[in-house]
Amino acid sequence: MKVKLNNNDLIRLLEIVKRKQTVNGKAQAQGESCILMWADGVASITTVTRDMGGLTHVQCNIDTDASSLSGMIPITSIDTFLGALKYHAPAITLTFDQVGNKVKLKSSNKQTTLEGSTDALAFSHSTDTLKEFRQKSVSFAEKIDVVNMTYKTNNGDIIPVVFKYETTANHMFEALRCDEMNGQKLNNYIFNNGSEGFYVTVGGLLKGQTEVQLSEFIQDTPEWEWEFGGGLTELFKHFDGECKIGLFDFTAQGQGMRMLIDFCNGCWALQAGLI
């Protein structure tokens, strides 16, 4: 099975799936591996983060004339794969040899071969294989109706978001990146919706705490405040254009709030708030 796509598109998808964040001053990737799937002219990756607090779905178009109708490519190390892709031309073809457990990257006059197997571990400390981890991710993703912004529980109950906000990805990035002011990168984003509008606060007083009014529009919803992590700055920086944000309230179940982000181009993400 093989797939041909734009190298820059693939690099972007993998960078998004990595979901880099800073924890206690150290950079940490929330995604170490994944499985690239494709069908109906679209390649996609659906995966939860290593701490199970986030879920990411990203996609891009492929060259259908030079690709199998459908298939998959196991990427056992995102960092290694990215390190190989940067040496290849813009048009790249990936081929998966299931028998030999090898993935070939071919562009122009270059071909790179890497190990690749769906039986590889999803993370260095994980007991799940890539195949098992992807199935968990897909089962989780199937509970979410991104268009209608609802969540389906195991009992079949449909839970809508309690808050909706439409904006642009760049507007969110410009607000959230203030967390990096003076090199602090605390990875803490405090969102609140109250009588004066919708705000986010990032950073600490030592190097600069910044409050950004995302919207002055007052929604007819209960006031709320919740803190999120999850490397949201890194997530939003890869997108531009319209995006929609919804908040699920699972506080009654002891699970806090969760943010659903629809990038309005087939890509979306879910991030659990800190508890």
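Student: Which elements each supply at least two residues of the lining of the largest pocket?

Tutor: In this predicted model, where local features need pLDDT of at least 70, side-chain atom pairs count only at pLDDT 80 or more, and totals for chains, interfaces and linings use all residues, those elements are β2 (21-23) and α5 (232-236). Residues are numbered from 1 along each chain as its sequence is written, and side-chain values use heavy atoms, with hydrogens and water left out. Helices (H or I, at least four residues) and strands (E, at least two) are DSSP runs, numbered from the N terminus.

Student: What makes a residue part of the lining of the largest pocket, and which residues are these?

Tutor: On a 1 Å grid over the protein atoms alone, a pocket is an open set of points with protein on both sides within 12 Å along at least five of seven lines, whereas a cavity is a set where a 1.4 Å probe fits but cannot get out; lining residues have an atom within 4 Å of a point. Among those lining the largest pocket are Lys20, Gln21, Asp179, Tyr189 and Glu234. The volume of this pocket, about 180 Å³, is the space filled by probe spheres set on the points, which are joined across faces, edges and corners.

Student: How many cavities of 30 Å³ or more does a search of the whole structure find?

Tutor: The search finds one, and about 60 Å³ of space lies in the largest cavity. Its lining includes Ser33, Ile45, Ala122 and Arg134, with β4 (34-39), β5 (42-48) and α3 (130-141) each supplying at least two residues.

Student: Why is cysteine 60 called buried, and why is cysteine 264 called partly exposed?

Tutor: Buried means under 20% relative accessible area, exposed over 50%, and partly exposed in between, with a 1.4 Å probe and protein chains only. Cysteine 60 is at 10% relative accessibility and therefore counts as buried, while cysteine 264, at 36%, therefore counts as partly exposed.
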